[in-house]
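Thank you all for coming; I would like to take a few minutes to walk through one model with you. Please have a look at the sequence and the structure first.

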Amino acid sequence: MPEINKTLSCINTNNKVQADRVVPCHYVFDTINVTCEGFLTACCTDFENYLVYADLNKTTLKEAWHNEIITSLRKKHLENKLGNTLCNNCINCSYSIPSPLCREYIETEIGEETFNSNSVEKRIQKKLKM
């Protein structure tokens with residue numbers, strides 16, 4: 001996320017990370033990430049469950065891996081049309097407020113204050129002092 005790069009002094013220009021970003025992200029195509037609740041999420045950095053697409057307590061891994069939700073997200077990655085997904089913030093260094101793939105699984109609602117530079121920097125500094 002760009003605010004972390006800025007605070008931790010990573011190489012950046014106008015909060016855009018200078019890196020060769022690979023689009024599409026390989027995680028949605030070849031990685032399985034299971035949360036402690038048993039949810040299948042598209043990314044290991046999905047701390048608030050915005051990319052959860054299945055509950056492994058209720059479905060098989062095979063069914064989940066091929067379900068409509070993750071298939072749609074994979075298509076968005078192939079077309080680089082990530083819009084209001086959490087993936088857009090990562091790949092395109094965006095500050096957009098994402099929508100969860102499945103609202104029933106989210107841990108914490110992401111709002112305007114989430115991307116407020118001052119509050120983010122304060123949270124990071126507080127963690128660094130711990």
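Predicted model: local features only at pLDDT ≥ 70, side-chain atom pairs only at ≥ 80, totals over all residues.

Residues are numbered from 1 along each chain as its sequence is written, and side-chain values use heavy atoms, with hydrogens and water left out.

The secondary structure comes to six helices and five strands, where helices (H or I, at least four residues) and strands (E, at least two) are DSSP runs numbered from the N terminus. Read from the N terminus on, the elements run α-β-β-α-β-β-β-α-α-α-α. Of the 130 residues, 38% count as buried; buried means under 20% relative accessible area, exposed over 50%, and partly exposed in between, with a 1.4 Å probe and protein chains only. The accessible surface of the chain comes to about 8,200 Å², of which 54% belongs to carbon and sulfur atoms; such areas come from the Shrake-Rupley method with a 1.4 Å probe, and for residues only the protein chains shown count as cover.

Now to the sheet. Three strands form an open sheet in the order E3-E4-E5, with antiparallel pairing. E3 and strand E5 (52-55) stand at the edges with a single partner strand each, so one side of each is left without a neighbour in the sheet. Two strands pair if DSSP finds at least two bridges between them, and E3 is joined to strand E4 (residues 39-41) by two bridges. Asn-33, for its part, has Thr-41 as its bridge partner in E4.

Val-34 is found in strand E3, and it counts as partly exposed because its relative accessibility is 49%. Not counting residues up to four places away in sequence, Val-34 touches Phe-39, Leu-40 and Leu-56, contact meaning heavy atoms within 4.5 Å. Val-34 also contributes, with Ile-32 and Leu-61, to a nonpolar surface patch of about 260 Å². Patches are made of residues with over 30% relative accessible area and no salt bridge, like charges being joined within 9 Å and nonpolar side chains (Val, Leu, Ile, Met, Phe, Trp, Tyr) within 5 Å; a salt bridge is a side-chain nitrogen of Lys or Arg within 4 Å of a carboxyl oxygen of Asp or Glu. Leu-61 itself lies in helix H3 (residues 61-65) and, at 40% relative accessibility, counts as partly exposed.

Which residues does Thr-31 contact, once its neighbours within four places in sequence are left aside? They are His-26 and Trp-65. Thr-31 lies in the loop between helix H2 (27-30) and strand E3 (33-34), and it counts as buried because its relative accessibility is 16%. Its side chain makes a polar contact with the side chain of Asp-30 at 3.1 Å; a polar contact is a pair of N or O atoms within 3.5 Å, where within protein one must be able to donate a hydrogen and the other to accept it, and residues adjacent in sequence count only if both atoms are side-chain atoms.

Finally, Thr-85 has its place in the loop between helix H4 (68-79) and helix H5 (86-91), and at 2% relative accessibility it counts as buried. The side chain of Thr-85 reaches the backbone oxygen of Leu-82 at 2.7 Å. Leaving aside neighbours within four places in sequence, Thr-85 is in contact with Leu-73, Lys-76 and Pro-98.
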